[in-house]
Amino acid sequence: MDSKPRMPLKIHLVSTPDSPEFARFTRALTRSSVIGLDAEWKPAGSPHPQSNFPTVTLLQLACRPALRASASEEPAVFLLDLSSIPLPLVWELLSDVFASPDVLKLGFRFKQDLIYLSSTFCAQGCDPGFDRVEPYIDIMGVHNILQQKQSGRKTANVSKSLAAICEELLGYSLSKELQCSDWSQRPLTEEQKEYAARDALCLLEIFSVFQAKIINKGKCLNGDVVLHSDHMNLGLKEVLKEPDTCSAILRIKSFEALHIVRTTTAEFPYGIVTVDEASFRSSFQSNEPIDKALLLVVRKFGEKILLKESDRIPKASKKKGRKRSSLNSASKEKRETFDEWQGPAPWDISTGGDGCPKFLCDVMVEGLAKHLRCVGIDAAIPHSKKPEPRELIAQAHKEKRVLLTRDAKLLRHEYLLKNQIYMMKSLLKNEQLLEVMDAFQLVISEDDLMSRCTKCNGRFIQKPLSTEEAVEAAKGFQRIPSCLFDKNLEFWQCMDCNQLYWEGTQYHNAVQKFIDVCKLKE
């Protein structure tokens, strides 16, 4: 029932240059051999006055250490708050990382992000922004290579979303619910921080799968360079005395010393006179060649992103702009007609319905279906992953459901879906649930919570199963944890997909969550 365990998150929000997080950030960049890159910006609204591109407000960097001081050190994710940190301060640092031959950069269709990022920095006087990222590997290409390796022959490249690739290769779903949230608002919510961090971290996880399947494990050593442990335990002074010290260790120890100086400077009223930071960074910039395992990957699969002058110019012509404007205004007019539900709904008793609300959530609000099921409401999803509009219409008609969507294009078929389509205004699932309850005047009670299968939308059997009966029923498709055997629990089975549920910690947490969301105690 549970998905595969995810890599633990170490999130560092970097918003000021004099914070410990900024020191950790600069140190992590010098210690990393692979960095996953992603960016967020406000999806709609007025762009920067000097540019027609969106203004990037958050840059995510997931750093995988090249040289680990301890075997347990995990990748860290840094969220660089570009709306609060002075951009000239990090421009050169990021430029060095983007062009460093010793750091492999990962991304998912990152060229568009780089164009917006370069425009954002140029608008703050950091001209010419960024023009390249190399060596670089796109996760879309990684997925296509793995597909070809699995099939044993050359196949046509398939374009998939990052969420779909995560589901396929990592075994967990990457929620894109917050993709369209307002990334210019501060402070960021905890959910936004985790969403942004996961988007970058999953690039490292997918690349690790790629390495394990492509590279000879006997030569790879998982991309790490093996260091002499005695040298790692020495201080900077002792390291400098060693004639055979690895330059990578010298670089690490030097930055550790710089970090100590930075964090203690505040204790002295007159400050501490230090070497110019820019010259220090250039002196100790990563000069060690990329390790052999990664070098094999880069030579065979690496590429580069190079921005041309034409990439820096928005491509929308006046003619296209007029067409888009007319389409937007037409869409807006139609959207306004759906601000309030007109009714009656297809389940309304006055129209021959059975009085039980039924909804169809299209792919843009598919996450809402699970929330509706959790409060006992019948909520289906499309039969196919990429349904055509007419497939959705046919399903809604046949099953007498109201189609919930955020796709304005579906309004073109409104004449076929009279009183069977509702345009969602909210972005987040909790808010969408409340919007549906309010628009359709749905009354939810505590007895309704968790009364429907969240997996397939089915109903449960009338009589609960004992532990012995549940173990027998679960054979071949679901594992019942042995720790439940002596707890005398009741098990409920879905009549459609046979999934088993029990009233454990997850159940009680979910019930309490929806009591709070739906305000059932008030």
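**Exercise 1. Is the crossing of α14 and α16 right-handed or left-handed?**

Before we start, note that this is a predicted model, in which local features need pLDDT of at least 70, side-chain atom pairs count only at pLDDT 80 or more, and totals for chains, interfaces and linings use all residues. Residues are numbered from 1 along each chain as its sequence is written, and side-chain values use heavy atoms, with hydrogens and water left out.

*Solution.* 

Step 1. Find the two helices: α14 covers residues 366-374 and α16 covers residues 429-439. Helices (H or I, at least four residues) and strands (E, at least two) are DSSP runs, numbered from the N terminus.

Step 2. Look at the geometry. The two helices pack at an angle of about 65 degrees, and their axes are 9 Å apart. Axes here are lines fitted to C-alpha atoms, for helices over the stretch in contact, and angles run from 0 to 180 degrees between N-to-C directions.

Step 3. Decide the hand. A crossing is left-handed if the near helix is turned anticlockwise from the far one by less than a right angle, and right-handed if clockwise. The crossing of α14 and α16 is right-handed.

Step 4. List the partners. From α14 come G367, L368, H371 and L372, and they meet K429, N430, Q432, L433 and V436 of α16. Contact means heavy atoms within 4.5 Å.

Step 5. Sort these residues: four are nonpolar, four polar and one charged. For this sorting, Ala, Val, Leu, Ile, Met, Phe, Trp, Tyr, Cys and Pro count as nonpolar, Asp, Glu, Lys and Arg as charged, and the others, Gly among them, as polar.

**Exercise 2. Find the buried residues of helix α5 and say where they lie around its axis.**

*Solution.* 

Step 1. Helix α5 runs over residues 162-169, and its buried residues are L162, A163, I165, C166 and L169. Buried means under 20% relative accessible area, exposed over 50%, and partly exposed in between (1.4 Å probe, protein chains only).

Step 2. These residues cover an arc of only 160 degrees around the axis, so they are on the same side of α5. The arc is that of the directions from the helix axis to the C-beta atoms.

Step 3. Now see what they face: the buried residues of α5 pack against α4 (139-151) and α6 (190-214).

Step 4. Follow the chain onward. Just after α5, G171 has a positive phi of about 80 degrees.

**Exercise 3. Which residues touch the most other members of the largest nonpolar core?**

*Solution.* 

Step 1. A nonpolar core is a set of buried Ala, Val, Leu, Ile, Met, Phe, Trp, Tyr and Cys residues joined through side-chain atoms within 4.5 Å. In soluble globular proteins, nonpolar side chains tend to be buried together.

Step 2. The largest core has 40 residues, and I206 and F207 touch the most other members.

Step 3. β3 (56-65), β4 (76-81), β5 (104-107), α4, α5, α6 and α12 (292-301) each give two or more residues to this core. The most come from α6, with twelve residues.

Step 4. Check I206 in the structure. Leaving out residues up to four places away in sequence, I206 touches I139, V142, L162, I165, C166, L169 and L170.

Step 5. A second, separate core has 38 residues, including L87, L94, L117 and V133.

**Exercise 4. Is S118 buried or exposed, and which residues does S118 touch?**

*Solution.* 

Step 1. S118 sits in helix α3 (residues 110-123). Its relative accessibility is 2%, so S118 counts as buried.

Step 2. Setting aside residues up to four places away in sequence, S118 touches P128, G129, F130, L307 and R312.

Step 3. Take a closer look at P128, which is in the loop between α3 and β6 (132-138). A cis peptide bond joins D127 to P128, with omega about 10 degrees.

Step 4. Another cis peptide bond joins R186 and P187, where omega is about 5 degrees. P187 is in the loop between α5 and α6.
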